[in-house]
Amino acid sequence: MHSLIQLSIVVLLLPLLSFVILIFFNRRLPRRGDFVGVGILGTAFALSAYIFWSVIVQTYDPAFRVAWDFTWIDLGKVPGIGPLQIRMGIVIDNLTAIMLAMVTLISLLVHLYSTGYMAGDKNYGRYFAFLGIFTFSMLGIVLSDNLFSIYIFWELVGLSSYLLIGFFFEKESAADAQKKAFLANRVGDIGMWLGILILYSQFHTFSFSEIYANLAAGKFAMSNAWLTAAGLLLFMGCVGKSAQFPLHVWLPDAMEGPTPVSALIHAATMVAAGVYFVARIFVLLTPDALHVIAFIGAFTAFMAATIAITQNDIKRVLAYSTVSQLGYMVLGLGVGAYSAALFHLVTHAFFKACLFLGSGAIIHAMHHEQDMRWMGGLRKHMPWTFATFTLATLALAGLPLTSGFMSKDAILAGAIGFANAEGGGIYYLIPVLGFFSAMLTAFYMGRQIWLVFFGESRTHLKPADDHHSAHHAHGAEDGHHTAHEVHEVSWNMRAPLVILAALSVFFVYSPNPLDGAQGWFMKMIKTPETVVAKYKVESIEHSALSTQHSALQTEHSAHSPADPRQAEIAHEAHLAHFPAIYISSIMVVLGISLAGIVFVFKIIDPDKTAEAIRPLYLFSLNKWYWDEIYEATFIRGSVLLSKILSWFDTNIIDGIVNGVALVVKNVAFANNSFDKYVVDGLVNFTAFSVNTTGAVLRKLQTGKVQTYIVMLLAVVFGYFVFYFTRLIY
Amino acid sequence: MLSLIVFLPIIAGLIILAVPSSQKQIIRIVSLLAALAQGVLAVLIWRAYDPSLPGITAGPGGSPLGSFQFVEKLPWISLKLGGFGSLNIEYFLGIDGISVTMIILTALVSAIGVLSSWTIQKQVKGYFILYNLLASAMMGCFVALDFFLFYVFWELMLLPMYFLIGIWGGPNREYAAIKFFLYTLFGSVFMLLVMIGLYFSVIDPVTGNHTFSLVAMANQANYIKSAILGPDNAMWRYIAFAVLFVGFAIKVPMFPFHTWLPDAHVEAPTPISVILAGVLLKLGTYGMMRINFPLFPEVFHASMYVIGIFGAINIIYGAFCALAQQDLKKMVAYSSISHMGYVLLGLAAGNSEGMVGALYQMFNHGTITAMLFLLVGVVYDRAHTRQIDKFGGLASYMPVYAAIVTVAWFASLGLPGLSGFISEAFVFVGAFSSVTTRYIAMVSVLGIVFGAAYLLWSLQRMFLGKRKPDAAYDLEIGSDGHEHIHFHDWKGKIDLDARELTMLVPLVVITIFLGIYPMPVLGMITSSVNKLVEVLSPVVLR
Amino acid sequence: MEHLLPIGLNHYLTISAFLLGFGLFAVMTRKNAIVILMGVELILNAANINFLAFSKYNGGMGGVMFSLFVIVIAAAEAAIALAIVINIFKIFKSVDVSSVDTMKE
Amino acid sequence: MIMNDLTYTIIFYLFAAITVFSAAFVVFSRNVIYSAFSLLFTFFGVAALYVFLSADFIAVTQVVVYVGGILVLLLFGVMFTKGIMNTELKSDVLHIVPGTLILAGIIGALLYTFYTTHTWMQTEKQLHGSIVERIGYETMSHYVLPFEMVSILLLAALIGAAFLARFDRLDHDNNKS
């Protein structure tokens, strides 16, 4: 077993250990054992940092890969297949190493942060236990080498997300949110599960490598439509987990959870797991599947951005920006900008975690006030938070010199390239939506920064009833606090902010602030070569591509996938690099300046504007009414259906049963009356006659011996007579 | 060995018969000891079981030895019927991979049932006598390899169940008991007919007589070609299969025949619900695997599609009905209908993955649903109501209970890492891999979502949030300033007490362990299941 | 008239038949326990006559021996019966068997 | 047989008549004493018939046992239970009609049987002369066991009778009752 494998197993199991210790013994340990969680995560991070170092830095090899697996279930000699085993295993390549380091680092920081943020909560220990199991399952996803174990950990992160969203389960809203999150994820998961089933039913294995080998060997027996379906169904898992368009509704509600949790799960790691998974299965996605994915990503990015504009809850703005950014990543994968999407995943993880932790710090300082309308002027009171938050915001908005700029730009370049490669037309919608959402992102982040940190404190503007509702909801002690009560958070909450902010600067990833492709990340993560090339539905452009392919080969010796389509896209993306930079920078500046115009210089009054475009405003404020639509259709629908079916069950089916019983009973009654009056009549008659005879004969029993003797002799005489008559005749 | 494990409870029942009915504690302890001894025997059998032997059909030379294990074979009834020849019924016990898991499950569940019967106060003596009778009958059904013997145990099971529901049940118990009894009787009558038909169609290769031995019946070579159920009479074989299937499907229970289950569960006392859901339902599917399918493989082949559709209906229909229930116990009852649907689906797949999944699902459903009903009983004992809306916020006041409920609920909705998931996963893998049931599987996957829906919804309504205004309990500020919960006329511990923990913790441990490492169970069943699949399908089902 | 002689088996049988009939009649009809006993004696004698008659006419000793035993039994029976009768009298203050009907339903 | 047939026959019929009529009187007389005494004649007659049947020892036994034992016993019984000459000795009868019918019926049936049955197992060698020593012989050889049993029975019966008929016990009973 490779030493890195051993290390990674230790890393995987450490958080589980923390979970087990804390769930059982947190009340026995001092400080509810938070130091256990932090310490264990520290160790885990140290180990994964070592793995990162030895993989990325030492063996500087894009194709690095070590794997190990063991037989988990042995089904013996299965008829028709032969010996069938289900194997679990671990694979470590560059992506894994990076994700490992990222997850453990953010988890460690969140643990540290939570020691301050969650201090004094009555389930303090349990909180850390849940963080532990989440980290465990997240690492499981990262390390798995097969679909089955990924599915397992997939659901386990769903569970831990469920537990953590509903951590304040006394709040009905929290309980609703956790249920909603789990169910939405479940919907995605069944799609993913069906995809897994399609692949298994073909190859009788769950392992990535074997499935890809079989696919590449052309062993996929079903029609190509099935292959596309498999890809899309697996993508459904990502749709659920990464809150893509049809199933995005759970993520904003998930903000009911503690803010560090939002930072860890719903911004940095778990939601990114969907993207990571799509990257894992990238090679089996057919072009058609990729198109769907790209459109879904683009639409999600755009829609979430539009919603984020009008939200007032500081966390909800961040949540929708998360959805939007995830849309970017999915878009990137869809358009084939594989490494760019993963790059954005990592960068986004850091700066979004920073943003959430920052907002957490604000909420903490504001005594659980989450509404940006009543904030303002925090710049003076919380300098650290302000600085880090702003830096992360810039990264998110994608201003040059930040990590976000590089990754988002790479994705947009890929989008343009994709559109060009696919021959334009509708495909240009994708980059357009991408750029537009980039602008929106800049706009709403600018708005947020302004509302929160600049201007004067607006706490006193808050209506009283909101106070009470807020306090009943959050259980803060005193409602009336003005800004000068607000003070900077303690070091254990400050340190993570600083670290994360530092990680959202460009030089961490690439020497060249304008080109992420020159950074170690893009060099280590290469677009893998698709294995479904031979299943492509032959069409004009592809045949055309295959002709251009040879020409492209020479031009891009850097990464030259055999699949002409990928080559084409990579080529176009390369060409579109600088246009993308320009356009996106312009868009960002546009967005920020727009925010400035609206909120700083008040040239445009936001309220008036809102009035002017009220329908649009409401549409965005109400999140495109997705919740209402789902409520009206699916939830009501299934509840109604359930009621109908249960009525059907109790009245129709049971009715039939009882009806049968009734018929039988009536027959029985008829039978019974026959019985009573005819059969029973006979019986009774017999009884009666017997009775009367008895009454008569009773007289005979006089108790006088002689009477008996008389009878006896009469009988004897009778016998005589009988006998002789017989003798005579 | 098997005779011992079968008749141990009856012996205990006889001992109890001798105990004066005032000595409740002694009676309870006697049955508990019997159950524990049964458990010990089950563990011994498990340890001594050789997973390499396939079972299902006779081993080399037509003798069950070498294929089955712990075989006990004695002539039992031998009647000369003149014209009909002779009636040879054997006392024929033996186990293979299909039975051994069920034996362990039965021992486990009946032991836990005894513990949970501790609170029964009404006619303790009669209760435990019937209970032990029931335990014996169940065990007997699982080890009997002679159809007649199986039928005897099968019928023997009805009687105590009828009384246990009808006497110790809830307000509407007579209706439920009658319903249960008639339903099952209806099924078993047909079973009797088919049994006779089979008897006259099968020849024991060893003795040359007609035989009830399931082992002989499972081998199509032993059928008389022209007999009523011989290979030539396709139509009769179809009818017999259908009739037998209905007989078992009623026990499962399968969709149109399921309505006895909610009533029986709602009325039955907690331990009986545990037994009912934990073991009795399995008898239906076990009967299918042991009798219905191997005896009519070609009919099974032809009807896989139908069975699969019924399985899917069970899954989704049960889930929906559960979603609509207000009574927690009824919800759990419908959930077990839904979960048995998975078993049917796995069986319908007809390939090893599906069958393994089905069998494993039978085991897991036994443990998990037992857990669910025990938990329902816990809250019912305290609050005397099972209306889901009469609670709320329990998690704050009964943390241990809430934790175990969470584990059980998630196990029931098939969360990975808990045993339920693996079985469901295998069922789907098998059903999807088999071309016949592929689309059925795609539809029934929806069951996962709705299963999660009703479980999480009930979890939220009962445990999360705050106390409902019309809840079945009060809150009072304790000495330590925290809120404490107070049930009317409940003197015991508010959170789980020691007895309840001893019932629940083993199940939780089993559920988690088998969810992480299923081989201890799967290892025993795979060879038998593969053999079964071979028997069922001369052509490979892919 | 000539069939009355010579004396044959039937004569004795006839006599025994009469005795038997009378004995039975007594047992049937008379209320007095003593008379009933007498009837019983008559019946026994009838039986004895038959025994002896048959044993005479087929020359075996069985009948003779049996009649001997019968006589002995009769003696025993009479003794017991009388004792019983006396008890009945002591209890019911009468020997009227028809008054001894506690078995009456 | 020394006497000639006619006298023999006459004597036979005489005793037969004595026997039957006295038996009838026993049965039909209302007076217990009378019937008791006429029973005496019956016994004698029967004993005589025994003699005719060449069972002289039996005849003697009959006389000794019945006349000397049983009859005396009966008389004692009569005297114990009744005043001798009081009117209650007229014991009345019950269901006289069926009694007479059955009497007639049975006698008729028996006679019918006897006279329609012609094939009695009669053998040439009949019993002649005294059979006393043959009786002794048989008793001690062939019938010794019945004999012993009968004697034991007799003993038991006598003891029982004595026990039953004890007075004090009866008084005791009376006090009890």
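**Conventions.** I noted that residues are numbered from 1 along each chain as its sequence is written, and that chains are lettered from A and ligands numbered from 1 in the order in which they are written. The model is predicted, and local features need pLDDT of at least 70, side-chain atom pairs count only at pLDDT 80 or more, and totals for chains, interfaces and linings use all residues.

**Entry 1: chain C.** I looked up the fold of chain C and found 3 helices and 0 strands; helices (H or I, at least four residues) and strands (E, at least two) are DSSP runs, numbered from the N terminus. Along the sequence, the pattern of chain C reads α-α-α. Chain C has 105 residues, of which 57% count as buried. A residue is buried if 20 or more other C-beta atoms lie within 10 Å of its own, exposed if 12 or fewer, and partly exposed in between, with C-beta atoms placed from the backbone.

**Entry 2: which chains touch.** I then asked which chains share the most contacts. Of the 4 pairs of chains in contact, the answer is C and D. Two residues are in contact if their C-beta atoms, placed from the backbone, lie within 7 Å. Chains B and C do not touch, and their nearest C-alpha atoms are 41 Å apart. Likewise, no contact joins chain B and chain D, with their closest C-alpha atoms 42 Å apart.

**Entry 3: the C and D interface.** I recorded 63 residues of chain C in contact with 71 residues of chain D. On the side of chain C that touches chain D, α1 (9-29), α2 (33-57) and α3 (62-92) each supply at least two residues. The largest share of that side, 21 residues, comes from α3(C). By class, that side of chain C has 44 nonpolar, 14 polar and 5 charged residues. Here Ala, Val, Leu, Ile, Met, Phe, Trp, Tyr, Cys and Pro count as nonpolar, Asp, Glu, Lys and Arg as charged, and the others, Gly among them, as polar.

**Entry 4: D:Q62.** I located D:Q62 in helix α3 (residues 56-81) of chain D. Is D:Q62 buried or exposed? D:Q62 is buried, because 25 other C-beta atoms lie within 10 Å. Apart from neighbours within four places in sequence, D:Q62 is in contact with C:I71, D:F43, D:V46, D:A47 and D:Y50. I also checked D:V97, 35 residues from D:Q62 along the chain, and the C-alpha atoms of the two are separated by 33 Å.

**Entry 5: a helix pair in chain A.** I examined α5 (residues 147-165) and α6 (residues 172-203) of chain A, which pack at an angle of about 175 degrees with their axes 9 Å apart. Axes are lines fitted to C-alpha atoms, for helices over the stretch in contact, and angles run from 0 to 180 degrees between N-to-C directions. The angle makes α5(A) roughly antiparallel to α6(A); angles under 35 degrees count as roughly parallel, over 145 as roughly antiparallel, 65 to 115 as roughly perpendicular and the rest as oblique. Residues of this contact include A:W154 of α5(A) and A:F182 of α6(A). The contact has 13 nonpolar, 4 polar and 2 charged residues.

**Entry 6: a helix pair in chain B.** I found that the axes of α10 (residues 270-295) and α13 (residues 352-383) of chain B come within 8 Å and cross at roughly 165 degrees. α10(B) is therefore roughly antiparallel to α13(B).
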